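Q: I have a structure open here and want to talk it through. Can we go over it piece by piece?

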Amino acid sequence: MSKKLASILEWGTLLISTGTVCFFLVVIMWDIISKGAASLSWDFITALPTDGMTKGGILPAIIGTVLLTLITALVAAPFGISCAIYLNEYASDNWTTRIIRASIRNLAGVPSIIYGLFGLALFVQGLHMGTSLISAGLTLGLLSLPYIIITTEEALRRIPASTREAALAVGATQLESIRDVVLPSAIPGILTGIVLTLSRAAGETAPILFTGVAFYINNPSGYLNQEFMALPYHLYMLSTQHQAIEQVRPLAYGTALVLIIVVFLLNLSAFYIRYKHSKNE
Amino acid sequence: MQLAQREQIDKVARLLFRTTGLLVIAILGGIFLMLLWNTVAFFLKVKPMDFITGTQWNPSGSQVSYGILPLLVSTILVTFGAMVIAIPLSLGTAAFLSEYAGKTLKNILKPVIEMLAAIPSVAIGFLGIVVLGPGIAHLTGQSNGLNALNGAILLSVMALPTIITVAEDAINGVPSSYKEASYSVGASKWQTLIKVTIPAAAPGILAAIMLGVGRAIGETMTVLMATGNASAFPKGFFHSVRTITATIAIEMGEVPYQTTHYYALFAIAAVLFLITLAVNLIGEHFVNKYRKYQEA
């Protein structure tokens with residue numbers, strides 16, 4: 001075999017792998033966008049479902065997902081940032097710190113369905129919150145926590161020690177140095193991490209299955225103690241459980257497209273924050 | 001404000017931050033205790049040996065049995081299939097990204113991988129039903145293509161971004177002096193990649209694979225939607241299977257609280273938890289090995 005042919009074959013192997021990965025994304029995006037676009041209309045995103053879910057829009061599912069993601073943020077962001085501040089600014093390298101770090105890494109690897117069981121046992125049954133928006137939001141908050149801690153700590157680590165020392169040197173307490181100097185400069189990095197984590201939480205289905213999501217709520221109130229609809233669960237039900245599956249397929253495609261748009265918008269805003277920040281530096 | 005007061009506030013804040021740190025341990029401990037508690041309750045009613053060696057999962061039939069084997073074998077089968085597809089593809093892509101692709105191509109490929117990672121699992125499962133399923137059915141002549149192969153392909157798509165990103169970091173981290181030494185004795189780019197760079201990055205690549213395995217084992221929605229969920233003992237890639245995660249998702253919504261069946265679902269979740277814990281610990285071991293190696 002000539003050397004040239006060999007090198008083409010070798011290079012080709014890598015190129016085919018990369019091409020296949022791109023092909024997967026193209027197929028996924030093409031199928032959902034081309035078929036979902038037909039169902040997408042102003043009515044689809046602003047109307048209630050009608051006729052046993054075979055017609056109408058998905059407004060309650062959109063509202064449910066937005067509220068759920070907001071609660072997740074309210075639960076996980078303060079908790080996660082505080083924990084990251086402790087780890088990066090205060091903790092010394094002792095066994096407690098090492099156990100905290102090991103716990104965070106392991107929590108990040110716990111399957112999402114197990115978070116669902118934990119939410120069911122702790123919030124729904126243990127604390128008598130029932131299957132509700134707040135139970136599901138707390139469950140997703142716990143799921144998001146390790147990612148927010150990890151990304152926040154990374155953002156804090158990027159702030160040079162001299163910044164903190166300068167604040168301490170002019171007489172600030174450690175809290176004042178963190179609040180007035182460290183956090184403001186780390187905010188873009190922290191926000192990027194939070195928004196990326198939320199984009200993942202918005203698409204999660206398994207943790208909310210037993211903690212509060214419902215297929216149909218005829219009066220979506222948005223109250224914390226009531227069940228709610230959500231985009232990912234709606235897609236799951238439309239594509240597997242509906243009695244007229246073929247008939248509702250366009251609705252399922254439309255739901256999939258809206259879900260992907262929501263997730264990508266969150267991703268894009270994270271990249272925008274990162275991009276704007278890197279330009280300022 | 002008085003200095004003493006400011007210092008007081010500082011102390012309180014420090015305590016608060018520390019408390020949240022300790023709460024993280026409590027959450028992992030809480031998950032562990034919840035699984036343990038319910039698993040013990042299960043083993044008070046069902047013999048552990050019947051659970052571990054039972055070949056039938058049939059919680060609602062006349063002959064009730066809680067054997068985990070069919071679920072465990074299904075999970076392993078689908079994960080194994082996913083890795084057979086994902087490992088070569090992601091290593092090829094990672095090597096291409098770090099060794100061959102120019103800056104422009106990299107700037108296109110990186111967002112592609114990030115987008116793939118961002119797609120929700122339920123959307124991928126949906127495509128398993130509407131695109132991959134009919135495709136497999138057409139090729140094999142089956143009535144529907146909801147089987148282990150379908151699930152494995154979808155899981156490989158989900159594991160790809162994780163493995164590619166971490167493996168690329170590992171390949172990038174190999175010191176350039178290694179490659180230069182290889183080039184200087186006349187090795188080609190490919191020979192250097194296969195014989196020098198990849199072996200040097202091996203611990204990092206193994207850590208990447210372990211992360212991918214962990215994701216695939218714990219994934220619920222894609223397998224729930226794409227594998228058909230037949231509860232019979234799995235026969236192969238072209239048959240319907242029912243993984244541990246799918247079983248929990250299907251049955252937990254229907255069981256009354258604190259019945260044997262309810263406890264049984266926590267018991268299989270405990271097994272899943274232990275498997276992912278072991279996979280993560282193995283991955284961490286490789287990460288540490290790689291780090292030491294790089295520092296040396």
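Predicted model: local features only at pLDDT ≥ 70, side-chain atom pairs only at ≥ 80, totals over all residues.

Q: How many helices and strands does chain B have?
A: Chain B has eleven helices and two strands.

Q: And in which pattern do they follow along the sequence of chain B?
A: The pattern is α-α-β-β-α-α-α-α-α-α-α-α-α.

Q: What does the C-alpha trace of chain B span along its principal axes?
A: About 75 × 70 × 35 Å.

Q: What share of the contacts in chain B between residues at least 6 apart joins residues at least 24 apart?
A: That share is 73%.

Q: Which domains does the assignment give for chain B?
A: Domain 1 covers 3–44 and domain 2 covers 52–295. Their centres, taken over C-alpha atoms, are separated by 32 Å.

Q: How many residues does each domain of chain B put into the contact?
A: Six residues come from domain 1 of chain B and eight residues from domain 2 of chain B. On the domain 1 side, four are nonpolar, two are polar and none is charged.

Q: Switching to the two chains. How many residues does the contact take from chain A and from chain B?
A: The contact takes 64 residues from chain A and 61 residues from chain B.

Q: Which helices of chain A supply at least two residues each to that side?
A: Among them are H1 (3–36), H3 (59–90), H8 (174–203) and H10 (249–280) of chain A. H1(A) gives the most, with 16 residues.

Q: What classes of residue are on the side of chain A that touches chain B?
A: There are 42 nonpolar, 19 polar and three charged residues.

Q: Which residues of H4(A) are buried?
A: A:Ile100, A:Ser103, A:Ile104, A:Asn106, A:Leu107 and A:Gly109.

Q: Last topic, helix packing. At what angle do H3(A) and H6(A) pack?
A: At about 35 degrees, with the axes 6 Å apart; H6 of chain A is residues 133–157.

Q: Is that crossing left-handed or right-handed?
A: H3(A) passes H6(A) in a right-handed crossing. By class, their contact has 21 nonpolar, seven polar and three charged residues.

Conventions:
Residues numbered from 1 in each chain as written. Chains lettered and ligands numbered in written order. Helix = DSSP H or I, 4+ residues; strand = E, 2+ residues; numbered from the N terminus. Contact = placed C-beta atoms within 7 Å. Nonpolar A, V, L, I, M, F, W, Y, C, P; charged D, E, K, R; others polar. Buried ≥ 20, exposed ≤ 12 C-beta atoms within 10 Å, placed from the backbone. Axes fitted to C-alpha atoms, helices over the stretch in contact; angles between N-to-C directions. Left-handed = near helix turned anticlockwise from the far one by under 90°. Domains from an automatic or database assignment.
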